[in-house]
Amino acid sequence: MRPEWFDLAQKPVPRYTSYPTAAQFEDNPDADAVSSWIAGIGPSEPISVYVHVPFCEQLCWYCGCHTTVPNGYTRIGRFVDVLLKEIELWKAKLPQHGGGVHLHFGGGTPNALNPKDMLRVLDALRDAFCIDDDAEISIELDPRTLNPEMIQSLAAGGVTRASLGVQDFNRTVQEAINRIQPFLLVKGAVEALRAADITAINFDLLYGLPHQTAESVAHSAEMAASLKPDRISAFGYAHVPWFAKHQRAIDEKTLPDTKARFDQFEALSETLVDFGYVQIGLDHFAREEDALAGALKTGALHRNFQGYTTDTCRTLIALGPSGISEFPGGFVQNAKDIRDYSESVMAGDIPHRRGVRRTDEDRLRSAVIERLMCDMQVDVAKVCQRFDVPLSHFADAFELLRGLERLGICDVTGSVVQVPVEARVLLRSVAQCFDAYSSPNAVPANRHAKAV
């Protein structure tokens, strides 16, 4: 890392999986506004659906996701009953639409459900949201608790893509994050999924974990690539113990510093590219023949709460505690607390607790930020033309960009902003220049993860 990048790399920056980001969400969203957003879904408009399962058999100490340990299946069984009720509420509330073309299960650990309940949920979703026969149905899985019965249920339920949390194959690192997961276990899970005709496989890897080095991260990436997953995400560990209390179990003295994190990202990226993966946006990699790589080539790549995606739907319906739904008019988030969520649903209410309206200004800035995050470049004038806004509207943003350009973090030619490959890891910092809520010079402490 260039020495002049060090200060910027340590500043907190939003991840820009949405705009406005969740930091702008407010309590008690306007119920009438949300109802109008739902009613505004067109009769032929396709939609996406997300289901959040808030349970894990044990907590991984690095995790910042909304999840809890159920200590038996009773709580999970009750959650399934509530989730089925929430699905029915949405079925009654949704207007006619073009059907569900993307369905994603996240968590937590979706395979915390037993095979029978997983099929019940899949059947209910297919009915309520008119899931298309050709829809992509993806699910995040913990290979440590994935069994043959669950794989058969997923296949029977039409699941087409499985995302396995790998993180790192080094035993010392695994012990430090409370996630023991041998290579052969992951290999067996991949082989079993492919044998069941769930052939689209994603891996998640992490850098910046305790005891990791550039060499160990590259070795884990090499081992992951040897299993030939279609896509690999390489996220930087965000150490936010004030938010995720269980991260306090991690010894901070074993965490790499900013320069070491940068070196790890570079080593991981170079390894995956050497194995034939196409580097996509900030932190994704895909095989040349994968649809994500194709979308990058054609400029059709998008970004949402699941990261980089080929999903072009304007509407995302989220179910489960903490799930965030997206509409052209704004975002709305379910209750995070499982009891609050459950009581609301069983009382016949969709449990919306937080949200934010999208203004025309938000849509304009969102379009600029998304293209920059996806393509690592954007012609701001072209986006302004689409929204009938003069380029001078972004004079303040270009002033901020000139400061980054002097550091070699971006190139500005006329109205085109481009991020060099070597500055990819600071892509979010460039996008932040277009953020009306969070400029590089004024970020509230402890709201976001550091840039690197």
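Guide: Start with the count. The structure holds 23 salt bridges. The model is predicted.

Visitor: What makes Asp27 and Arg354 a salt bridge?

Guide: Their closest N and O atoms are 2.6 Å apart. The cut-off is within 4 Å, for a side-chain nitrogen of Lys or Arg and a carboxyl oxygen of Asp or Glu. Therefore the pair of Asp27 and Arg354 counts as a salt bridge. The partners come from distant parts of the chain: Asp27 is in strand S1 (residues 26-27), Arg354 in strand S15, 327 residues apart.

Visitor: Why is Asp27 called exposed?

Guide: Asp27 has a relative accessible area of 51%. Exposed means over 50%. So Asp27 takes that label.

Visitor: And why is Arg354 called partly exposed?

Guide: The relative accessible area of Arg354 is 25%. Buried means under 20%, exposed over 50%, and partly exposed lies in between. Therefore Arg354 is partly exposed.

Visitor: How do you know that Asp81 and Arg120 form a salt bridge?

Guide: The closest N and O atoms of Asp81 and Arg120 are 3.8 Å apart. The limit is 4 Å, so the pair qualifies. This pair also links distant parts of the chain, with Asp81 in helix H3 (residues 74-93) and Arg120 in helix H4 (residues 115-128), 39 residues apart.

Visitor: What makes Asp81 partly exposed?

Guide: Asp81 has 43% relative accessibility.

Visitor: Why do you count Asp142 and Arg179 as a salt bridge?

Guide: The closest N and O atoms of Asp142 and Arg179 are 3.5 Å apart. That is within 4 Å, so the pair counts. Asp142 lies in the loop between strand S4 (131-141) and helix H5 (148-156). Arg179 lies in the loop between helix H6 (171-176) and helix H7 (183-195). So the pair ties together parts that are 37 residues apart in sequence.

Visitor: Are Asp142 and Arg179 buried or exposed?

Guide: Both Asp142 and Arg179 are buried.

Visitor: Which residues are joined into one network?

Guide: Glu136, Arg161, Arg231 and Asp290, through salt bridges that share partners.

Visitor: What makes Ala347 exposed?

Guide: Ala347 has 59% relative accessibility. The cut-off is over 50%, so Ala347 counts as exposed. Ala347 sits in the loop between helix H11 (338-346) and strand S15 (352-357). From Lys85, Ala347 is 262 residues away in sequence and 9.8 Å away in space, C-alpha to C-alpha.

Key: Residues numbered from 1 in each chain as written. Predicted model: local features only at pLDDT ≥ 70, side-chain atom pairs only at ≥ 80, totals over all residues. Heavy atoms only, no water. Helix = DSSP H or I, 4+ residues; strand = E, 2+ residues; numbered from the N terminus. Buried < 20%, exposed > 50% of the residue type's maximum accessible area, 1.4 Å probe, protein only.
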